[in-house]
Amino acid sequence: MRIYNMHLKAEIKEEIMSWLKKKKKKEENMSGEAVFIGSIDQGTTSTRFIIYDRSVKCVGSHQVEFPQIYPQSGWVEHDPMEILESVRLCITKAVDKATADGHNVDNGLKAIGLTNQRETTVVWSKSTGLPLYNAIVWMDARTSSICRKLEKELSGGRTHFVEACGLPISTYFSALKLLWLFENVDKVKESVKKGDALFGTIDSWLIWNLTGGKEGGLHVTDVSNASRTMLMNLNTLEWDETILKTLNIPANILPKIVSNAEIIGNIGKGWGITGIPIAGCLGDQHAAMVGQCCRKGEAKSTYGTGAFILLNVGEEVIQSKHGLLSTLAYKLGPQAPANYALEGSIAIAGAGVQWLRDSLGIIKKASEIEELALEVESTGGVYFVPAFNGLFAPWWRDDARGVCIGITRFTNKSHIARAVLESMCFQVKDVLDSMHKDSGERDEVKGEFLLRVDGGATVNNLLMQIQADLLGSPVVRPSNIETTALGAAYAAGLAVGVWSENDIFSSGEKKERYTTFHPNIGEETRKKKADSWYKAVTRTFDLADLSL
């Protein structure tokens, strides 16, 4: 009887505590004290909208995938209208979920931030509001012939514009995609001549539509997205007139450049959150730097469709001598100083796992790869280099194509799965080796090096352990691995006074929120594996013209 009474008291106490929490939430909502920040995270394969409260807890979210379009080998496109609809759906569903859970989002939503896949290029008509061609995605390689032509014609060759914009001539960047549209799409050529064309990366396309579209939509981009077009001067943070003149790109089609944290404009009708200010905008990798609270000397690696490693080098541009890109890290306000970064971009990371799933059928779900790879202790000497559309940093070889070497009769699908995971980690190691060389020459990184990681693939513990093993240094994973959306929310909250810069960057010092993976293999084994990887990479070169 006594035990029964103890259980009864515990149940009553639990019910009372639950009622008090609900009462407090209701009082906060009624008094208008509840504060929320929304974040649009528009990625390469999916779109999300996440609503955070003041303590940066997610109170509602929704995510949808959208179709990838592959017109021919090496080409990747998105339908800009499908991207718009994915954003509209995610906003509606996330708000509905948060409201159903008792959160007064309608009254408490103070601002939204936006983060997006970078470099992906859209040209649309400002009179009709419709795209003039599909969006050409960042990994698309159709502009290789334009790149070769420019390299031959310009005195500086491939690095002709590096001093001004930090970027080499590459299929990766928006300017080359824009030139292809000028040369190959009649609708674009005619619209440019009429003065009716607008160019932008995905952030510009979304903001223009969110703020009214053809009824007065704002044509803007932020400094981080602009830094990936190959058209912005890294020092002035303005469109570079010399580059525009050299490439014959008219300035009137370009958006206005703003900082990463400022009120850009209010959301118009038809989006479910009319009147809410858009107050933060960053390219996805720059948003992840803010979400990871990366100060000068700190690096992060985001594992998504591709993998992107950025090292904050402070308020001075550093030109890489080892195959990396000089880019903007973030500028958190119109009057705030710009922080710069060295970046290494990897085209195929998580996309390699998708290839195993969708093209080869080795796995049914991406999450299955960890269990499959754990069935073996090593790759059995198999090395996989996913140079599907060439290699990005630090190699910059658009003539490279994917290889899988070291296959024997002993090889099975578990070895292949493990080799795919290792390929992601080896590529990150290549970039970090170059990063250490550049930063070491300037003494930018001191003490033990820690790699902060984020992105969907980092839930894979085996992948994280392999990364630590191959680097020979710790890998640090936050409890919230989706830091791109968080970074955009931080920027928007900063602009409207929900958080201070100190609030944001001091949050990165709370060690209890992280899991650390330490290396478990010796230096000799690490070196042998790195040498074998290098041998595999060299086998990918000069394969772009293989006969069909």
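For the packing entry I count a contact when heavy atoms lie within 4.5 Å. I also keep in mind that this is a predicted model.

**Entry 1: a covered helix.** I began with helix α6, residues 174-184, and found it mostly covered, with nine of its eleven residues buried. My list of the buried ones reads Ser174, Ala175, Leu176, Lys177, Leu178, Leu179, Trp180, Leu181 and Phe182. What do the buried residues of α6 pack against? I noted strands β6, β7 (135-136) and β8 (197-201), along with helices α4 (144-153), α7 (186-194) and α10 (241-247).

**Entry 2: aromatic pairs.** My search of the whole structure turned up 20 aromatic pairs. One of them joins Trp124 and Trp208, a tilted pair at 5.7 Å centre to centre with 55° between the planes. Trp124 belongs to strand β6 (residues 121-125) and Trp208 to helix α8 (residues 202-210), so this pair ties together parts that are 84 residues apart in sequence.

Next I looked at Phe426 and Trp533. Their ring centres are 5.0 Å apart and their planes meet at 5°, so I wrote the pair down as stacked. Phe426 is in helix α14 (residues 413-442) and Trp533 in helix α18 (residues 523-538), so the pair links parts 107 residues apart in sequence. Both Phe426 and Trp533 are buried.

I then noted a cluster: Trp138, Tyr172, Phe173, Phe308, Phe392 and Trp396 form one aromatic group.

Entry 3: Which peptide bond did I mark as cis? I marked the one from Ala393 to Pro394, with omega near -5°. Pro394 is in the loop between β19 (383-385) and β20 (403-405).

Val56 has phi near 65° and lies in the loop between β2 (46-53) and β3 (58-65). Its relative accessible area is 24%, so I put Val56 down as partly exposed. Asp542 has a positive phi of about 60° and is found in the segment after α18. Buried or exposed, I asked of Asp542? At 54% relative accessibility, Asp542 counts as exposed.

Methods
Residues numbered from 1 in each chain as written. Predicted model: local features only at pLDDT ≥ 70, side-chain atom pairs only at ≥ 80, totals over all residues. Heavy atoms only, no water. Phe/Tyr/Trp six-rings, centres within 6.5 Å; stacked < 30°, edge-to-face > 60°. Helix = DSSP H or I, 4+ residues; strand = E, 2+ residues; numbered from the N terminus. Buried < 20%, exposed > 50% of the residue type's maximum accessible area, 1.4 Å probe, protein only.
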